[in-house]
Each structure stands twice: as C-alpha cells, then as structure tokens.
Amino acid sequence: MRSLAAATCLVLLSAVQVWCQEGYEESVHLRDVDEHSTHAVFNMSVVGWPEEGRYGLWSKWWVQMADHVGVEKLHLSMVRGVWRWGHRDIQVPPACTLQASFANGTDIFPAWKVLVNSLSAATCASTNFLSPNTETDYTKPFLLPNITSEWDFWGTLPFEEMLCTENLTPLLALLPTNGRSGISSSLLVPQEFFKTRFHALHLTYTRKASMSIVAEGVYPKEKFKELASGGIDCPLCTSVPEVVRTERTVARQTLLEVFSIDKGDAEGSLSAEIIPGDGVKVVNLTLLLPVLFLQPYVSTFRMLVGKEWVKAPGVVSQVTSDVMLIKATFKASPGVPIHVRLRYDKRLLPLASYPPDANRNYYLPPSFVTTDATPTPIYNTKPAGVTLPTPDFSMPFNIITLTCTVLALIFGMGFNPATKDFVF
C-alpha cells in the first residue's frame, strides 16, 4: 500500500510539474515617437506546452490545426496604415503577410493551402487569397518558397488589409482570457485601436514553445500618460502584467524607401534609397518585382556615384513563382545614402485580369534590406504602386450599341414593307 501511495504521489507530482510548465504573460511597451504620439505594443503570450490529451491554457482548435498541418512556426501580420516614425522593432511590410516553416517531410504546398484557409476562417483575414490556386490575377499573391533559411514559405498580398473588430475578436479568442480580462479588456479597446493612424495585428507561433498575439498602434500621447505596472488586472496571468516605457531611439537605424516612377503607359522605373544606420558597413538589397505585369531589365540596374549613374556590380536575378528577385550588395557608410534604380516595361493584361476598378494602382511586393549589423530583414516603410496601361473598357459597350442600332434599322426597313398591304 505504501509503494502504491508513493507511486500515486509521484504521478500526481509529475502531472503538476507538466501543468506548471504552462503560463500566460501580458505586457505593454510604450515609446514616444514624436511630441504628440506614443507607439503602444500590447503583447499577450501563452508559453509552455500542455500534456498529451489536455490543452490547459492553449486553444484546442489551434493545437489540433497546427498538428494536422505540421507547422513548426509561423508569423502572421496584418498592417493598416503607413509607418512614418523611423525604425520599428517588428519589421513587416504594410499588407497581410504570412511566414511559415513546416516539419521535415511535409509537402509544403498542400500544407500551405490548408494553413491559409484555416487562418482565414479563424481570424476573418484575407489569408485565403494566399493560396497558390487564386484565380483572379489582381489578387494573385506573391509567394516565395524558401526565400530565407528561416522560413519554408513566405507570402504577401498585393493590397492593403482592411482591419476591423472582426479580426481582433477572433485573435483574442485564442487566448486563455478570451478577451475578457487583462490588457485585451482594459486597454485594447477596438473603438480606439482602429481609429489610430497606424495599427497592426501579429500572431506568432512556435510549436511546443509559445504563441503570442501582438497588437500595436500609434495613440495620442495623453492616452497612457498615467499607466503604470500593477494597474492591469489579469487573474490568469502567471505574473503581474508589466508596463515598460522606453525612450525615443537616438541611434540612427537603417531605412529603406522604394518608389515607382511612371514614364507613360508603356514603361517606368523603380528607385530605391537606402540610408545605412550606425555601425553598418555592408548592405544587402533584395528587390521583388512581379513578372505578371512588369518586365524588369536587370541590365539597367544602376547606382548613383557622385552625380553619375554607373552599373552596379554583383547584381544577381532569380525568378521564383511569379516574382523576380534582384539581389545586390553594397559597401556602406553610416548616414550616407545609397541610390539605385531599375527600368521596366509594363505589360498589358488580358481584360479578365483587371480588377473591378481598373484604374487602381498595383502594389509591388515589399523589398527589403539586410546589413552586417542587422541580419533581420528591414522592409520598405511604405508600399510602391504602379499604374498599368488601362484599355478603354467602354469600347465593347459602344460597339454593341452601334451594332444593335444598325441591326434594328436594317430589320425595321425590311420588316415594315414586308407587313404592309399595298393597295394599287
């Protein structure tokens, strides 16, 4: 009996230890970006992993979906607005972007398709358009398998994501608090969050380690002036939610700006400006151009040296999926801008490939830079749009109208005498 009781105690103790490996943490990071605005980052994370057959603090649906797809880690970002305040800690392009890595032996294309549709159903986001089988060309995603050693698949949409409460509420439902306590109920108010000039939602997952939901926005400075640690009530949190205030960054950060310059309806050029940050000696630039509606000419890749445009050395191009990758490496000096440009021709799309508003811009996929000081990609701070040649969509209507008019006149001229009784 004593041995049985001891064994039972050991089993219960090990179960308690496994259960205690899970935890839920919340924090708020505040940083003044100018005299009137504060950048607020709300971080809500589930850490640890539940034992087999139990889900603990984790969402049951999420654990089952991740195991079914075989995803090892992913990062989903939905960004609304343009970031205009220098460097950001979370570097993502201004669109709906998904990055994922899968377990060894997983067929990534079917797994990716299931993943994007599952995330679309769970978060009410546009990730379903990231499927490789998207039929409409104007919503065709930019998909890049194995673009980096960290991710097996990387995809982004060519249009800005429309964020609203229908995206925020399902994300918060994945947390143990279900959005009813802690940061999500007291500070992350949807009416205020979606009125900010810039706001974004991020979902980061690492299998058997953690899942984090991050919401960031640029609020008026007075909003969090009195907020301090200990003022947030969260019964499920492992520790008291922390409020961290940081000063404005003094060190110069590496910045990238990408612009498109139209030269009529037939051609244009892409211009990029890189401003290296402190301690940067080498800059690696990666431009992404969709070959669906652009014909880039790598031989026209030039960099500005003094007042002359010279051919840039060591430029490498690669076509992956429907995107051309153009990579170049430059020696840099902190604070000295690097200017490059590239010429392209515009393609005339089939009529069925144009969006409902044919005069809208097509957004280019986000280009990015890496440096010897910052191996994490730094994306362009605002999207570059290209205006494509647009045919006159009223011409089919005019032709149909003219043809019907002529046929009606001919038919009337023949039908009228054929039905009359002529009296002689």
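**Figure 1. Contacts and make-up of the whole protein chain.** Among contacts (heavy atoms within 4.5 Å) in the protein chain between residues at least 6 apart in sequence, 70% join residues at least 24 apart. This is a predicted model, in which local features need pLDDT of at least 70 and side-chain atom pairs count only at pLDDT 80 or more, while totals for chains, interfaces and linings use all residues. Residues are numbered from 1 along each chain as its sequence is written, and side-chain values use heavy atoms, with hydrogens and water left out. The protein chain holds seven helices and 22 strands, which are DSSP runs numbered from the N terminus (helices H or I, at least four residues; strands E, at least two). Of its 424 residues, 43% count as buried, where buried means under 20% relative accessible area, exposed over 50%, and partly exposed in between (1.4 Å probe, protein chains only).

Figure 2. Strand E3 spans residues 71-80 and includes glutamate 72, a residue that is partly exposed, with a relative accessible area of 32%. Leaving aside residues up to four places away in sequence, glutamate 72 touches Ser101, Phe102, Ala103, Tyr205, Thr206 and Arg207. From C-alpha to C-alpha, glutamate 72 and phenylalanine 102 are 5.0 Å apart in space, although 30 residues separate them in sequence.
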